[in-house]
Amino acid sequence: MDRTEKQAFVQALQAVFAETSFVLVSQNKGLTVADATTLRRRMRDAGATYKVAKNRLAALALDGTSFQGISPLLKGPTALAWSRDPVAVAKTAVDFAKGNDKFVILGGALGKQTLDADGVKALAALPSLETLRAQLLGLIQTPATRIAGVLQAPGSQLARVFAAYAKKDEAEAEAA
């Protein structure tokens, strides 16, 4: 990389760090190309990005952002992963780390909060943003469904009472 490419890379990372809510730092020492491709594919499927970056350039990009607390983690062969949904990145990384000993989660940052590896694992245990949205929507819809049921109940009960009187009147009319 020449100097202009490095500057463009740092600016691109700074733009990413300005938009994202979570950045994960992992160590990929000894990871095969096939494993790295599998990890990238899983991250992409989860809506996240996984990128191997030079530590010095990544540290320059982190400077002045809310994620600068993870700069000390950038030692050795590291990679960064980020997404707007912090749980998606954490879940994907933790699941991949379970099946691959060479992939090690070093930590991450959720906004200004720096997380260690255990913090990332705890974040992965939370439900995803989509699941939380679905649960919230379900909670909002449940009262509306109950209200509609309560409002419809008296009307249907009245209709049954009127139908019973009508049948009774018909039976009395036929008997007479």
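Reader: Which residues of helix H5 are buried?

Author: In helix H5 (residues 117-124), the buried ones are Ala117, Gly119, Val120, Leu123 and Ala124. Buried means under 20% relative accessible area, exposed over 50%, and partly exposed in between (1.4 Å probe, protein chains only). Helices (H or I, at least four residues) and strands (E, at least two) are DSSP runs, numbered from the N terminus. Keep in mind that this is a predicted model: local features need pLDDT of at least 70, side-chain atom pairs count only at pLDDT 80 or more, and totals for chains, interfaces and linings use all residues. Residues are numbered from 1 along each chain as its sequence is written, and side-chain values use heavy atoms, with hydrogens and water left out.

Reader: What covers the buried residues of H5?

Author: The cover includes strand E1 (22-27), helix H4 (86-99), strand E4 (104-110) and strand E5 (113-116).

Reader: How do I read the packing of H1 and H3?

Author: Two packed helices are described by the angle between their axes and the distance between the axes. Here H1 (residues 3-19) and H3 (residues 55-62) pack at about 50 degrees, with axes 8 Å apart. Axes are lines fitted to C-alpha atoms, for helices over the stretch in contact, and angles run from 0 to 180 degrees between N-to-C directions.

Reader: Which residues of H1 and H3 meet?

Author: Lys6, Phe9, Val10, Leu13, Gln14 and Phe17 in H1 meet Leu57, Ala58, Leu60, Ala61 and Leu62 in H3. Contact means heavy atoms within 4.5 Å.

Reader: Where is Gln27 found?

Author: Gln27 sits in strand E1, and is partly exposed, with a relative accessible area of 22%.
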